[in-house]
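Dear colleague,

Please find below the structure that I am handing over to you. My findings follow directly after it.

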Amino acid sequence: MKKYFQTGAMFACVLFTAGCASVSGRNNKQEASLTVKNYSSYSFVPSVSYQTIDGFGAAYTWYADWIQHDQIGAEKAYDALFSDAKLSVLRLKNEYEYKETKTAPNGKAIAEYYTAAVKRCAAYGEKPVVLLCCWSPPASLKSNNGIPGKDGATLKKNADGAYCYEEYGQWWTDAVLYYRNLGIQIDFVSIQNEVEFTASYDGCRFDPQESGSCASYAKAFLSVYRHFKQAFGSSAPKMLAPETMSCVWGTISPYIKPILAEEPDSIYGIAHHLYVGGTSDSDKNEVDPDSYLVNFMTLNQFYGTTRKWQTEFYIGHALQTAKLINNSLVYENANAYLYWSGVWHTNGSAFETGELINAEWNGRWYLCADYYVMRHFSEFVRPGYVRIKSITGDTNVASSAYISPDKSKVAVILINLSENVKRYAISSNGEYAVSSVTAYQSVFGDKALSADTCYKTVNLANENKIVLPPKSMTTIVITGSENNEQ
């Protein structure tokens with residue numbers, strides 16, 4: 001959930017190998033001068049490829065049911081999330097047996113989200129995927145006999161003094177069966193949210209190594225994995241680990257090293273958050289995207305062939321968030337990026353509030369700035385797309401590019417971080433034959449104030465030239481085919 005503290009990390013001076021460009025608001029004089037001003041070269045290179053994208057998404061946990069108080073409004077919210085932004089990953093909270101045995105208080109609410117996503121994804125020939133995460137097992141399995149993580153709560157010990165790993169594995173299996181019986185296809189599981197953090201809210205602590213005061217994450221993980229294999233066989237959910245609040249390799253490695261040594265195929269991918277490993281301040285809603293670069297590159301260095309999912313973060317102004325997501329994709333080679341709160345409640349009516357949809361108790365809601373940031377990535381960078389080389393030649397613009405499996409589409413993300421207008425002529429170094437181009441643009445500024453400047457369709461000069469406003473974000477959608485005559 002939302003954290004209210006400041007984190008710190010190393011700063012890095014890194015030359016960008018990928019970039020983007022933008023321009024600020026145009027007046028008539030600027031518009032007339034476009035024909036005579038020079039355009040810099042932006043190029044994407046399909047022959048140089050990197051990671052495959054698993055998807056973009058968000059969490060639907062606390063407050064997520066508020067929009068369901070108004071069913072007409074809820075349908076419109078689902079349209080915004082799953083038809084317009086096409087968010088494909090739903091991160092849901094495992095509340096099985098939170099209050100009563102064999103049931104979960106959130107079952108009905110999250111089933112509605114999943115059903116809404118399935119319906120809308122089917123309209124464009126896809127299926128959503130679900131990541132089911134645990135904040136706390138039921139009180140009956142906790143050392144403090146409660147859901148909150150206070151008092152160093154960990155897994156309970158049985159009458160023999162051993163931690164209840166087997167019971168925990170069976171509980172997880174029963175939970176997956178429960179949610180699947182509600183019609184929710186559980187594709188991925190993370191057994192514990194922010195495993196290293198002692199939370200005052202729902203939480204359960206696991207350490208890398210078992211001790212007298214704390215259960216072992218590896219033993220708990222492998223118990224769940226083996227129960228899943230026995231119960232579900234080939235339809236078992238894939239498992240992510242360790243979903244730390246940190247993206248620091250030195251924090252992540254001790255949790256997964258013993259798992260990989262014993263069951264190397266048990267971990268589908270590395271999951272982490274971004275509350276530790278870079279510089280962010282939730283009170284000011286600010287983040288330094290480049291402060292994460294060393295840790296991103298270190299994760300890629302040590303886990304280059306393992307999928308990496310960033311599964312929760314929300315801090316930062318819109319332009320900062322845009323660059324942070326781009327940095328995660330480019331330097332970490334992340335396969336998925338999940339925003340923290342798809343739906344949340346924040347008092348007031350600020351546009352930059354740390355959620356995609358700000359909901360009120362009466363069912364009313366509005367789209368927030370980061371919704372448009374996520375949409376710039378999620379609408380056209382689809383699961384299965386592959387990141388390819390992207391070159392702007394300007395350290396003040398960040399970029400990335402992605403190509404569809406059949407090579408018929410390329411999505412380019414351009415983020416102009418500067419105070420100046422940027423102009424780019426788009427090319428593929430002769431590798432791609434372009435048949436059509438469309439573009440969508442948001443002018444965020446240092447602080448985004450209104451949806452009026454967000455996600456507007458823009459015209460490209462001569463179909464291959466783009467003008468980017470200062471402090472803006474642009475998604476360019478290119479249709480074409482590989483050029484086999486080069």
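Valine 89 has valine 129 of strand β5 as its bridge partner; please note that the model is a predicted one. The strands concerned are β4, residues 89–93, and β5, residues 129–133, which pair in the parallel sense over five bridges.

This pairing forms part of a barrel. Eight strands close into the barrel in the order β3-β4-β5-β6-β9-β10-β13-β14, with parallel pairing. On average, neighbouring strands of this sheet are turned by 25° against each other, direction ignored.

Helix α3, residues 107–122, lies across β3 (55–60), β4 and β5, and runs at about 170° to β4. Helix α6, residues 249–262, lies across β9 (238–246) and β10 (269–276), and its direction is about 145° to that of β9.

In soluble globular proteins, nonpolar side chains tend to be buried together. The largest nonpolar core here has 133 residues, of which Phe56, Tyr60, Trp172 and Ile191 touch the most other members. Helix α5, residues 217–232, contributes the largest share of this core, with nine residues. A second, separate core consists of 19 residues, including Phe44, Val397, Val410 and Ala439.

Which residues are in contact with tryptophan 172, leaving aside its neighbours within four places in sequence? They are Asn94, Leu132, Cys133, Cys134, Val189, Ser190, Ile191, Val224 and Phe228.

Yours sincerely

How values were computed
Residues are numbered from 1 along each chain as its sequence is written. This is a predicted model: local features need pLDDT of at least 70, side-chain atom pairs count only at pLDDT 80 or more; totals for chains, interfaces and linings use all residues. Side-chain values use heavy atoms; hydrogens and water are left out. Two strands pair if DSSP finds at least two bridges between them. Helices (H or I, at least four residues) and strands (E, at least two) are DSSP runs, numbered from the N terminus. Axes are lines fitted to C-alpha atoms, for helices over the stretch in contact, and angles run from 0 to 180 degrees between N-to-C directions. Contact means heavy atoms within 4.5 Å. A nonpolar core is a set of buried Ala, Val, Leu, Ile, Met, Phe, Trp, Tyr and Cys residues joined through side-chain atoms within 4.5 Å. Buried means under 20% relative accessible area, exposed over 50%, partly exposed in between (1.4 Å probe, protein chains only).
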